[in-house]
Amino acid sequence: FQDCTAMKSIVLPKGMKRVDAVAFKGAISLETITLPTGMTKIDSEAFYRCTALKTIYVPAKKADYYKQRLPEELHQFIVEMEPEKKAKKK
């Protein structure tokens with residue numbers, strides 16, 4: 001998605017483990033991204049020049065985990081999602 005100028009939002013799929021350096025670099029319209037549980041590496045330049053970025057949704061109770069993986073200038077955009085509710089068995 002490097003230099004993609006039309007994308008405003010993206011939800012990364014469950015099971016995804018890495019976001020490499022140029023994944024979203026220069027995606028100037030990207031406003032929101034939702035990260036799955038268990039990301040092990042997010043390159044420090046993955047969101048470089050994402051000037052419209054306002055919100056990075058992370059799983060419930062995982063803000064600190066993602067702050068360790070994202071550059072400090074992005075910490076202000078981290079928002080924890082509500083925990084997923086498990087369906088009750090009938």
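Strands here are DSSP runs of E with at least two residues, numbered from the N terminus. Thr-34 lies in one of them, strand β3. The model is predicted. Its chain has 1 helix and 6 strands, and 34% of its 90 residues are buried.

**Overall fold**

- Read from the N terminus, the order of elements is β-β-β-β-β-α-β.
- The chain is as compact as a globular protein of its length, because its radius of gyration of 14 Å is close to the 12 Å that the globule rule gives for 90 residues.
- Along the principal axes, the C-alpha atoms fill a box of roughly 50 × 25 × 20 Å.
- Among contacts with a separation of 6 or more, 28% join residues 24 or more positions apart.

- Thr-34 has a relative accessibility of 15%. Thr-34 therefore counts as buried, the cut-off being under 20%.
- Leaving out residues up to four places away in sequence, Thr-34 touches Ile-10, Val-11, Leu-12, Tyr-57 and Met-81.

**Nonpolar core**

- The largest nonpolar core has 22 residues. The members that touch the most others are Phe-24, Ile-33, Leu-35, Ile-42, Phe-47, Ile-56 and Leu-70.
- Ile-56 is in contact with Ile-33, Leu-35 and Leu-70, among others, when neighbours within four places in sequence are set aside.
- The contacts of Ile-56 also include Leu-74, Phe-77, Ile-78 and Val-79.

**Salt bridges**

- Side chains of opposite charge can pair when their charged atoms come close.
- The structure holds 4 salt bridges, and three of them are described below, starting with the pair of Arg-49 and Asp-3.
- In the salt bridge between Arg-49 and Asp-3, the closest N and O atoms are 3.2 Å apart. Arg-49 sits in the loop between β4 (41-42) and β5 (55-58), and Asp-3 in the segment before β1 (9-11), so the pair ties together parts that are 46 residues apart in sequence.
- Both partners are partly exposed: Arg-49 has a relative accessible area of 42%, and Asp-3 has a relative accessibility of 40%.
- Glu-45 and Lys-25 meet through their side chains in another salt bridge, at 3.6 Å from N to O. This pair links distant parts of the chain, with Glu-45 in the loop between β4 and β5 and Lys-25 in the loop between β2 (18-19) and β3 (32-34), 20 residues apart.
- Glu-45 is partly exposed, at 37% relative accessibility.
- Arg-18 forms a salt bridge with Asp-20, and their closest N and O atoms are 2.9 Å apart.
- Arg-18 has a relative accessible area of 45% and is partly exposed. Asp-20 is also partly exposed, with a relative accessible area of 41%.

Key:
Residues are numbered from 1 along each chain as its sequence is written. This is a predicted model: local features need pLDDT of at least 70, side-chain atom pairs count only at pLDDT 80 or more; totals for chains, interfaces and linings use all residues. Side-chain values use heavy atoms; hydrogens and water are left out. Helices (H or I, at least four residues) and strands (E, at least two) are DSSP runs, numbered from the N terminus. Buried means under 20% relative accessible area, exposed over 50%, partly exposed in between (1.4 Å probe, protein chains only). A nonpolar core is a set of buried Ala, Val, Leu, Ile, Met, Phe, Trp, Tyr and Cys residues joined through side-chain atoms within 4.5 Å. Contact means heavy atoms within 4.5 Å. The radius of gyration is taken over C-alpha atoms; the globule rule is 2.2 Å times the number of residues to the power 0.38.
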